[in-house]
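I opened this notebook to keep track of what I looked up, one topic at a time.

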Amino acid sequence: MTVTTQDHDDLAYNVFAKACPSRATLEHVTGRWGGLTLGALYEGPLRFNELRRRVDGVSEKMLSQTLHALERDGLVHREAQPTNPPRVDYELTPLGRQVAERLLALIHCVEGSMDDVLASRARYDETRGAL
C-alpha cells in the first residue's frame with residue numbers, strides 16, 4: 001500500500017502546512033536526539049544519566065531540552081520521586097510507545113541497509129570526489 005499526502009486530506013492537521021502544530025512535533029520526534037531518546041526509552045524507564053549514557057554523544061543540555069519537548073508533546077512521562085537525592089525517571093507514554101515503535105522500524109531498516117549505503121557512498125565519492 002502506498003501512502004500519499006492526499007490520503008491525509010481528511011485529517012485535521014497537515015504537517016506539510018507551514019503553520020500546522022504537527023510540524024513541531026515531527027521535528028521533535030525525527031530530530032537526532034528525539035529519535036534516539038524515544039528509541040532508548042522503548043526498552044523501559046531510565047533515569048537521566050542512564051539515558052544520557054544510552055544515547056551516546058548527547059550533551060546534558062541537549063538531552064534536557066529534548067526530554068522537555070517530548071514531555072510537552074505527550075510522548076514522554078517524567079516522574080520525580082521525593083528522595084534525597086531526588087530521583088527522576090523517564091518513560092514513554094502510550095503515544096510515545098506507538099511513535100517509538102515506528103521509529104525503531106526505520107532505525108532497523110537503516111541499520112540493516114548500511115552495507116548498501118556504504119557501498120553507495122564509496123561509489124559516489126569515487127565518481128564525484130570525496131567530500
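**Sheet.** I began with the strands and found that 3 of them form an open sheet in the order β1-β3-β2, with antiparallel pairing; two strands count as paired if DSSP finds at least two bridges between them, and the elements themselves are DSSP runs numbered from the N terminus, helices being H or I of at least four residues and strands E of at least two. The edge strands are β1 and β2 (76-81), each of which pairs on one side only. I then followed β2 to strand β3 (residues 87-92), where the antiparallel pairing runs over 6 bridges. As one example, I noted that A80 has V88 in β3 as its bridge partner.

**Source of the values.** Before going on I wrote down that this is a predicted model, in which local features need pLDDT of at least 70 and side-chain atom pairs count only at pLDDT 80 or more, while totals for chains, interfaces and linings use all residues. Residues are numbered from 1 along each chain as its sequence is written, and side-chain values use heavy atoms, with hydrogens and water left out.

**Helix α2.** Which strands does α2 touch? I found that α2 packs on the sheet and touches β1, β2 and β3, a contact meaning heavy atoms within 4.5 Å. The direction of α2 makes about 95° with that of β3; axes here are lines fitted to C-alpha atoms, for helices over the stretch in contact, and angles run from 0 to 180 degrees between N-to-C directions. I also checked how covered the helix is, and 8 of the 10 residues of α2 are buried, where buried means under 20% relative accessible area, exposed over 50% and partly exposed in between, with a 1.4 Å probe and protein chains only. Among the buried residues of α2 are W33, L38 and L41.

**α2 against α4.** Next I looked up helix α4 (residues 60-72), which packs with α2 at an angle of about 75°, their axes being 10 Å apart. That makes α2 roughly perpendicular to α4, because angles of 65 to 115 degrees are given that name, while those under 35 count as roughly parallel, over 145 as roughly antiparallel and the rest as oblique. On the α2 side the residues that meet α4 are W33, G34, T37 and L38, and they face M62, L63, T66, L67 and L70.

**Salt bridges.** How many salt bridges are there? I noted 3 of them, a salt bridge being a side-chain nitrogen of Lys or Arg within 4 Å of a carboxyl oxygen of Asp or Glu. In one of them R54 meets E43 at 2.7 Å, N to O. This pair links distant parts of the chain, 11 residues apart, with R54 in helix α3 (residues 48-54) and E43 in the loop between α2 (32-41) and β1 (46-47). R54 is partly exposed at 46% relative accessible area, whereas E43 is exposed at 57%. I also recorded R52 with E60, whose closest N and O atoms are 3.8 Å apart, and R87 with D89, where that separation is 3.0 Å. Of this last pair, R87 is partly exposed at 31%, and D89 is buried at 13%.
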